[in-house]
Amino acid sequence: MPVKRSQSMPVKLHWNADRAVCGTGSQDEGYYAPTVGLGRARDLLHARSSEAVTLDDLVQTAECGTKQRLIRGFRAAFGFTPHQYLAHLRLQPARDRLRRGYDCGETAHAVGFYDQSQLNRHFVKHRGVTPGAYARAVG
């Protein structure tokens, strides 16, 4: 059954080694990523979730060689692209701040979104309501 936009998608945070495709070697070979490489990339996203993290940073950390290989391996291992994973990481502290009564604009910048419209877009996509409506409902 396809997931509707308004439904929240669960974050798959476990390692799925049998599906990872990142690592060294040619693109034709089915090299599997060492747990360490993609795990380090995931750890970097957790450590710098409120900062800008580039794919180049993640490629260097995971030692994957190319951006495409990193994205493919990350999606196979964790179920999301690095960008989607980072958005999920930022939404939990955003919800917490909104529950405590912080302004939507302040919250967006504090958790690492570029601006309030970016927070709105991700919040509606994953929660089905705007941040303002969420804040009014829980506050």
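Buried means under 20% relative accessible area, exposed means over 50%, and partly exposed lies in between (1.4 Å probe, protein chains only).

**View 1. Alanine 137 is exposed in helix α7.** Its relative accessible area is 67%, so alanine 137 counts as exposed. Helix α7 covers residues 131-138. The C-alpha atoms of alanine 137 and arginine 99 are separated by 9.0 Å, although these residues are 38 apart along the chain. This is a predicted model, where local features need pLDDT of at least 70, side-chain atom pairs count only at pLDDT 80 or more, and totals for chains, interfaces and linings use all residues. Residues are numbered from 1 along each chain as its sequence is written, and side-chain values use heavy atoms, with hydrogens and water left out.

**View 2. The protein chain has 7 helices and 0 strands.** Helices (H or I, at least four residues) and strands (E, at least two) are DSSP runs, numbered from the N terminus. Of the 139 residues in the protein chain, 39% are buried.

**View 3. Here is the largest pocket, with a volume of about 240 Å³.** A pocket is an open set of points on a 1 Å grid over the protein atoms alone, where a 1.4 Å probe fits, with protein on both sides within 12 Å along at least five of seven lines; lining residues have an atom within 4 Å of a point. Grid points are joined across faces, edges and corners, and the volume is the space filled by probe spheres set on them. Of the 19 lining residues, Val53, Pro82, His83, Leu86 and Arg90 lie nearest the centre of the pocket. Helix α4 (82-99) is one of the contributors, and its 5 residues are the largest share of the lining.
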